[in-house]
Amino acid sequence: MVDLTAKRKSVPKSRGWHLSPRARDNIAGYLFIMPFLVHFVGMIALAMVFSLGISMLKTDLLTGYEFVGVENYAKMLKDPLFWKALRVTAYYTFALVPLGTILALSIALLLNQEVAALGFWRSVYYLPSVVAGVAVAILWQWMLNPRFGLLNQGLAFLGIKGPRWLYSESWAVPGFIIMGLWGAGGSMLLYLAGLQGIPTPLYEAAEIDGANGWQKFWKITIPMLTPTIYFNLLMNIIGSFQVFTQSYIMTGGGPNNATLTMVLYLYRKAFEHLRFGYASALAWALFFIILIFTMFVVKSSESWVYYEGALT
Amino acid sequence: MAAGDRVQATTRSETDWQVVLTKAPRIFGKIVTYVILAIGAAIFALPFLWMVSTSVKPEYLVYQIPIVWIPPELDFSHFVSGWKILPFLAFYRNTIFLTVVNIIGLVLSSSLVAFGFARIRFVGRDWIFLVLLATMMLPGQITLIPLYVFWAKLGAVNSFWPLIVPQWLANAYNVFLLRQFFMTISPELDDAARIDGAGWSKIYSRIVMPQAKPALGVVAIQAFAWNWNSFLGPLIYLNEPRKFTIAIGLSLFETQQSENMGETMAMSLVALVPVLIMFFVAQRYFIQGIVISGVKG
C-alpha cells in the first residue's frame with residue numbers, strides 16, 4: 001500500500017480533485033458488481049415487491065385490476081387443486097430426494113473402489129442428468145408407454161406385468177420419480193468428489209484400531225460425506241419442488257390432476273386462465289413451502305452435518 | 001475397496017497362501033462391483049439407445065413386441081419428414097443465437113461481478129455477497145409474473161430480450177462459482193501489477209481472466225446446457241413459431257405428431273445432439289463444474 005501511494009504521488013494530477021486509494025476501490029468495486037446490483041434491484045427486489053402487490057389484485061393484465069387484499073390467499077386455502085398440487089409436488093419431492101440420494105451415493109461408492117475405466121462409467125451414469133429438458137420428457141413418455149414402452153417390456157421380460165404409468169392416477173408420479181432417478185448422475189458426481197476428498201489417514205487410523213469395513217463406512221465415510229449430502233439435499237429439495245417440464249410435456253397434469261405440480265398449476269393460472277393475482281399468490285405459497293423445508297434441513301443440519309476444520 | 005490395499009500392505013510379511021486367501025474375497029468383491037456397475041450402466045444407457053433405435057427403424061417395427069433393437073435396414077425417413085413438419089431450421093437458428101449470446105453475456109457479467117467480490121475491498125461488500133447467496137435460494141416463480149408484466153409494458157414479449165437481458169446481468173450461482181475460483185488465484189501478481197500502475201480493469205483482463213480459463217469454461221458449458229434445455233422462459237415469452245427455440249418447437253411438434261413415435265424420437269434426438277456432442281467434447285468442464293460448485297458450497 002505504501003508503494004502505491006508513493007507511486008501515485010509521482011504522477012502529475014491531471015484532474016482538479018483527488019481520490020484516496022480507498023475511495024477509488026469503493027468506486028471500482030461497485031462498478032464491477034454493477035451487473036448484479038442492477039439485476040438484484042431491478043429484477044429481483046422490485047419484482048418481489050410487485051409480486052406481493054399483484055398477489056393482492058384480481059387482474060388479467062389487460063382489462064384492468066381490482067384490489068382484493070388477501071382474498072387470493074384465502075381462496076387458495078380453500079382451493080382443492082392447490083392442495084392437490086401441493087400433495088403431488090411433496091410426494092414427488094419426498095420420494096425422489098431420498099431415493100435419489102441413496103442411488104447416487106451407491107453409484108459413487110461403487111465408482112470409488114479403484115475401478116478400471118472410471119471415466120467411462122462416470123460418463124454413462126452422468127450423461128442423463130446433463131440432457132434434461134423437453135426431449136428427455138418426450139423420451140420418457142415413450143419409455144413409460146404401457147404397451148410398447150421399454151420399461152414395461154423389460155418388466156414383462158422378468159415376468160412382471162407393468163402398470164399403466166402415465167395413464168394411471170396412482171402410477172403417474174412413480175413414473176416421474178423413476179425418470180428423476182435416471183438423472184441422479186449429477187449428485188453422484190458430487191458424492192464421488194466428496195469421497196475422494198476424505199483423507200486416507202483417517203481409514204488407516206481406524207484400521208489400526210481394528211475397525212471393520214462396515215464400521216469404517218458408518219464412522220468415517222458417512223460423517224465425512226455429510227457436508228456433501230447436506231448440499232445435495234438442499235439443492236434437490238429446492239429443484240424438485242419446482243418440477244414443471246415433465247408434467248407439462250408428459251401428462252399435462254393428468255390423469256385427473258394426478259401429476260398437477262405446483263409450478264404447472266401456477267403456470268396455468270397465470271398464462272392460460274390469465275388470473276395473474278391468484279398465480280402470484282401461488283408463487284408466494286410455493287416460496288414459503290420451499291423456505292419451510294429448506295429451513296428445516298438447515299436447522300437439522302446442526303445435529304447431523306459434520307464439519308472437519310479443514311473441509312470448507 | 002481402497003481399504004483393501006492398505007490391508008494388504010500391512011500383511012506383506014505373510015506367506016503366499018495367506019496372501020491368496022486374503023485376496024480371494026477381494027477379487028470376488030471386484031467382480032461383483034463390475035457386474036453391478038455394468039448392469040447399472042446398461043440401464044442408464046438403454047433409454048438413449050432405444051431412442052436412437054426407434055428413430056431409425058421403419059414405422060412397422062416401432063410398435064413391434066418384442067423390441068427389434070437393430071432394424072434390418074436403417075430408415076432415416078423420420079428425420080427427413082419430421083424436419084419438414086415444423087420450421088426446425090429456424091428453431092435451431094434461434095436456439096444457437098440465444099445460446100451463444102447468453103454464454104458471452106453470462107461469462108462476461110458473472111466474471112466481472114465475481115472479480116469485484118473476490119479482489120476488491122469495498123464498503124458493504126460482504127453484506128452484498130450475503131444478499132447474492134440468498135438470491136440463489138429464491139425460486140424464480142416469485143419474479144416470473146412481475147417480470148412478464150415488465151416486459152409486456154416494454155412491448156418486448158415475443159422478442160428475445162426477456163431471455164437475454166437477465167443473463168447479461170450476471171447470475172448468482174455463476175458469480176459464486178467464479179468468485180470461489182478467483183479466490184484461489186494468488187493476489188501477488190495483482191499487487192505487482194498495481195505497483196506498475198495497472199488499474200483494476202487491467203488486473204481483471206490481463207491477470208485474473210487468463211488464469212481462470214478452466215472456471216470460465218465451466219460457466220460457459222453450464223450456460224450452454226442451461227440455455228439449450230431452457231423451457232419455461234421461452235414458453236412464456238415467445239409465441240410465434242418462427243421465433244421458437246428448439247425446446248418449445250419440440251414441445252409443439254410433440255402435441256401435433258405424438259401419434260408418430262418414429263418422427264417424435266427422431267426430432268427429440270435432433271434436439272439433443274448438440275448437448276450430447278458438447279458433453280463428449282467438453283466433459284471435463286461439466287465434471288469440474290459440478291465439483292467446484294458442490295464441494296466448496
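**Start with the two domains of chain A**

Begin by marking the centres of the two domains: the C-alpha centres of domain 1 of chain A and domain 2 of chain A are 32 Å apart. To colour them, select residues 20-71 of chain A for domain 1 and 74-304 for domain 2. Keep in mind as you click around that this is a predicted model.

Now zoom in on where these domains touch. Here, 11 residues of domain 1 of chain A are in contact with 9 residues of domain 2 of chain A. Which elements give two or more residues to the domain 1 side? They are α3 and β1 (57-59) of chain A. Select β1(A) next: with 3 residues, this strand gives the most to that side. Colour the domain 1 side by class and you'll get 5 nonpolar, 3 polar and 3 charged residues.

**Over to the neighbour**

Next, show both chains together. You can pick out 79 residues of chain A in contact with 79 residues of chain B. On the chain A side, select helix α3 (residues 34-54), which supplies the largest share, 12 residues. Colour that whole side by class: 55 residues are nonpolar, 17 are polar and 7 are charged.

**Last stop: chain B**

How many helices and strands does chain B have? The count is 16 helices and 0 strands. Chain B runs to 297 residues, and 39% of them count as buried. Finally, look at contacts in chain B between residues at least 6 apart in sequence: 76% of these join residues at least 24 apart.

Terms used:
Residues numbered from 1 in each chain as written. Chains lettered and ligands numbered in written order. Predicted model: local features only at pLDDT ≥ 70, side-chain atom pairs only at ≥ 80, totals over all residues. Contact = placed C-beta atoms within 7 Å. Helix = DSSP H or I, 4+ residues; strand = E, 2+ residues; numbered from the N terminus. Nonpolar A, V, L, I, M, F, W, Y, C, P; charged D, E, K, R; others polar. Domains from an automatic or database assignment. Buried ≥ 20, exposed ≤ 12 C-beta atoms within 10 Å, placed from the backbone.
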